[in-house]
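Please keep the sequence and the 3D view side by side as you read.

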Amino acid sequence: KEQDIKIIDDASHALGSSINGKMVGTLADVSIFSFHAIKPITTFEGGALLTNDENIAKSARLTRSHGMVKKQAWNMDMVTLGYNYRLSDVACALGLSQIKKLDKFISRRYEIAKIYDDAFKNSKYLKTIDIPDNIRSARHLYPVLLNSNLWCVKEDIYNELHAMGIGVQVHYKPTYQFSFYKNLYGEMRLDGAEDFYRAELSLPCHQMMSDDDAKFVIANLNELLEIYTSKSVCG
Ligand SMILES: *Cc1c(COP(=O)(O)O)cnc(C)c1O
């Protein structure tokens with residue numbers, strides 16, 4: 001605020017989440033949600049930009065639709081360069097239907113997360129991430145952090161889980177490791193980001209999962225972690 005710097009919030013995952021009762025989407029000058037197929041709600045592709053700033057809203061609307069403004073009858077003007085970033089009506093219809101279910105989706109994700117929390121509370125192999133009481137998460141992911149003696153075999157564990165039909169993922173590769181940013185800024189290394197990237201594994205946490213699905217994930221993951229811990233040579 002002192003420097004009058006605008007904040008753009010990449011809230012792609014965070015639809016429906018809040019901190020101290022304030023919804024994500026209202027906290028920054030501009031907040032952006034993704035409605036890609038894997039996000040809290042979907043319109044197949046697309047998203048939304050939220051702002052209270054009239055000028056930013058006007059500029060976003062122009063960018064969305066060819067920089068064009070309607071005048072009268074058939075007359076229109078093109079006042080700036082824009083694109084076709086419009087969401088189709090069909091996608092919007094899906095989004096309107098999905099957003100009604102958002103609270104239900106998140107509540108179910110909390111139930112799945114609770115099953116994981118209870119199962120992994122005293123795990124010898126991994127740490128879970130506690131969500132403080134003043135935060136309501138969208139529970140888009142359920143990330144766990146593997147002990148460092150498992151980091152070098154994470155890819156094997158990942159592959160074995162996928163072979164069982166358990167769609168774990170890893171979030172995220174540090175952005176400075178991408179060649180685009182290497183070309184811009186050169187080689188970089190941030191120890192905290194490196195360690196997080198090596199430790200992190202995201203477990204499936206989705207409203208369509210049954211309790212048994214979550215227990216299937218827990219049983220198979222624990223079994224693998226035990227096997228790999230006993231033969232691990234990491235570090
Ligand atoms: C999904 C995602 C994006 C990209 O969203 P799109 O709708 O595919 O453009 C950007 N940032 C984060 C953190 C995301 O999770």
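Does Cys 234 count as buried or exposed? At 16% relative accessibility, Cys 234 is buried, where buried means under 20% relative accessible area, exposed over 50% and partly exposed in between, with a 1.4 Å probe and protein chains only.

A word on the ground rules: this is a predicted model, in which local features need pLDDT of at least 70 and side-chain atom pairs count only at pLDDT 80 or more, while totals for chains, interfaces and linings use all residues. Residues are numbered from 1 along each chain as its sequence is written, and side-chain values use heavy atoms, leaving out hydrogens and water.

**Cysteines**

Searching the whole structure turns up one disulfide, a term for a pair of cysteine sulfur atoms within 2.5 Å. The partners are Cys 152 and Cys 234, with S to S at 2.0 Å. Their link is left-handed, with -90° about the S-S bond. It ties together distant parts of the chain, 82 residues apart: Cys 152 lies in the loop between strand 10 (142-146) and helix 4 (154-163), and Cys 234 in the segment after helix 7 (211-231). Helices (H or I, at least four residues) and strands (E, at least two) are DSSP runs, numbered from the N terminus.

| Residue | Relative accessible area | Class |
|---|---|---|
| Cys 152 | 46% | partly exposed |
| Cys 234 | 16% | buried |
| Cys 92 | 32% | partly exposed |
| Cys 205 | 6% | buried |

Next comes an open sheet of three strands in the order 3-2-9, with antiparallel pairing; two strands pair if DSSP finds at least two bridges between them. Strand 3 (22-23) and strand 9 (135-136) are the edge strands, each pairing on one side only. Strand 2 (residues 18-19) meets strand 3 over two bridges in the antiparallel sense. In strand 3, Lys 22 is the bridge partner of Ile 19.

**Helix 4 against helix 7**

Helix 4 and helix 7 pack at an angle of about 145°, their axes 11 Å apart; axes are lines fitted to C-alpha atoms, for helices over the stretch in contact, and angles run from 0 to 180 degrees between N-to-C directions. Helix 4 contributes Asp 156, Ile 157, Glu 160 and Leu 161 to the contact, and helix 7 contributes Leu 221, Leu 224, Leu 225 and Tyr 228, where contact means heavy atoms within 4.5 Å.
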